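Subject: Structure handover

Hello,

Here is the structure I said I would pass on. Please open it first, then read my notes below.

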Amino acid sequence: MLSSGLVLISGCMVSPNSNGDAQPKPAMIDAPQLAAIEQRIGGRLGVALLDGDGALIMTHRGSERFAMCSTFKAPLASVLFAAHEAGTVDMFEKFDLKPSDSIPYMPFVEKKLAAKESVSLHELAGAAVMTSDNAAANLILNAVGGPEAFTKFVRTKGDKITRLDRIEPELNENAPGDPRDTTSPEAMARLMQKLIIEGAPLDIDKLTLQKWMKESKTGASRIRAGLPKGWPVGNKTGTAAGGIASNDIAIIWPSTAEFAAKPVILTIYTDRPTASANEVEAAMADVARAVVRLIALPD
């Protein structure tokens, strides 16, 4: 089963030659490679790689469900943008925080509470993406209609898999067989391609989300660690208590002339790994290193 968990879509990538014809680039990652990484860390490893046009390049357990954990905070920003556009919320209006808004891990909200400074939902969305602030995410969910509104929004984007059922921190429970608060690597990759790449040059909200993910303060040892120096990348991590889930989703710009304007989406999810947190993060970096050979053209 492990060795059959990865599928290569068409077995190659294409790039234009000097005559404008598509030339195949052989895939350089195979099922045993990811299966070995999965076996090394224990539990399940889910991976999906999507190009900027929405085509699936590579997947490993890509259709299986995994706990989202805080990776939901990236699409949550888009839920807020849509609510603002619809006029149901004003994401720039300032309001005061309350001590009752406090929950574990809220670096941005904690600082604002201590300073007695008002905030906007737009600021909270940035904090949720860049620092993974849990209180910020809950405040946004409360403003846009709760987890149900999140799920309804992703359905409008064609995502029939991703679902949010609870708020922080309960959504990180990851009980065996529980579909609540889960996604699949492929579903999240496709969702993020729509929310962050499709039509981005003309969409300020998508460019804002790209910027926030680029400025993420979490995940330096995950996908980012496996990419060549100088490659632009934005990411959003997710982690459940006790290490029962460690995830990372990223938008990556391969720094080659041919792909400079064609970012890709890489999603990595784990479920109940038996290795240490550091070993799991190193495994995510190894997956990213393997993916690099699929998206970087030879010199």
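Let me start inside the protein, at Asn172. Leaving aside neighbours within four places in sequence, Asn172 is in contact (heavy atoms within 4.5 Å) with Cys69, Ser70, Thr239, Ala240 and Ile244. This is a predicted model, in which local features need pLDDT of at least 70, side-chain atom pairs count only at pLDDT 80 or more, and totals for chains, interfaces and linings use all residues. Residues are numbered from 1 along each chain as its sequence is written, and side-chain values use heavy atoms, with hydrogens and water left out.

Asn172 sits in the loop between helix H6 (146–156) and strand S9 (182–183). Helices (H or I, at least four residues) and strands (E, at least two) are DSSP runs, numbered from the N terminus. Is Asn172 buried or exposed? Asn172 counts as buried, because its relative accessibility is 13%. Buried means under 20% relative accessible area, exposed over 50%, and partly exposed in between (1.4 Å probe, protein chains only).

Pro169 lies between H6 and S9. A cis peptide bond joins Glu168 to Pro169, with omega at about 0°. Asn174 is also placed in the loop between H6 and S9. Asn174 is not a glycine, yet its phi is positive, at about 55°. Asn174 is buried, at 10% relative accessibility. For background, most residues other than glycine have a negative phi, and most peptide bonds are trans.

Arg61 has a positive phi too, near 55°. Arg61 lies in the loop between S5 and strand S6 (66–67). With a relative accessible area of 12%, Arg61 is buried.

Now the overall picture. The protein has nine helices and 12 strands. Of its 299 residues, 55% are buried. The accessible surface is about 13,000 Å² (Shrake-Rupley method, 1.4 Å probe; for residues, only the protein chains shown count as cover). Carbon and sulfur atoms account for 55% of that surface. Take contacts between residues at least 6 apart in sequence: 64% of them join residues at least 24 apart.

Next, the cores. A nonpolar core is a set of buried Ala, Val, Leu, Ile, Met, Phe, Trp, Tyr and Cys residues joined through side-chain atoms within 4.5 Å. The largest one has 54 residues. Which members touch the most others? They are Phe72, Phe150, Met192 and Leu209. Not counting residues up to four places away in sequence, Met192 touches Ala74, Pro75, Ile197, Leu209, Met213, Ile249 and Ile265. Another core, of 28 residues, lies apart from the largest one and includes Val47, Met58, Leu227 and Val291.

Strand S4 (residues 44–50) is largely enclosed by the rest of the structure, because six of its seven residues are buried. S4 pairs with strand S12 (residues 264–271) in the antiparallel sense, over seven bridges. Two strands pair if DSSP finds at least two bridges between them. Leu45 stands opposite Thr270 in S12. S4 also runs antiparallel to strand S5 (residues 56–60), joined by four bridges. There, Leu49 faces Met58 in S5. S4 and S5 form a hairpin with five residues between them. Gly54, in the turn, has a positive phi of about 95°.

Helix H8 (residues 204–214) has these buried residues: Lys206, Thr208, Leu209, Gln210, Trp212 and Met213. Their cover includes helix H2 (73–86), helix H4 (121–130), helix H7 (185–197), strand S10 (233–239) and strand S11 (246–252). Asp203 caps the N-terminal end of H8, with a side-chain oxygen 3.0 Å from the backbone nitrogen of Asp205.

Last, the rings. The structure holds three aromatic pairs. Rings of Phe, Tyr and Trp (its six-membered ring) pair if their centres lie within 6.5 Å; planes under 30 degrees apart count as stacked, over 60 as edge-to-face and the rest as tilted. Phe66 and Tyr269 make a tilted pair, with centres 6.2 Å apart and planes at 35°. Phe66 lies in strand S6 and Tyr269 in strand S12, so the pair ties together parts that are 203 residues apart in sequence. Both residues, Phe66 and Tyr269, are buried. Phe81 and Trp212 form another tilted pair, 5.9 Å centre to centre, with 40° between the planes. Phe81 belongs to helix H2 and Trp212 to helix H8, so this pair ties together parts 131 residues apart in sequence.

Best wishes

Methods. A polar contact is a pair of N or O atoms within 3.5 Å; within protein, one must be able to donate a hydrogen and the other to accept it, and residues adjacent in sequence count only if both atoms are side-chain atoms.
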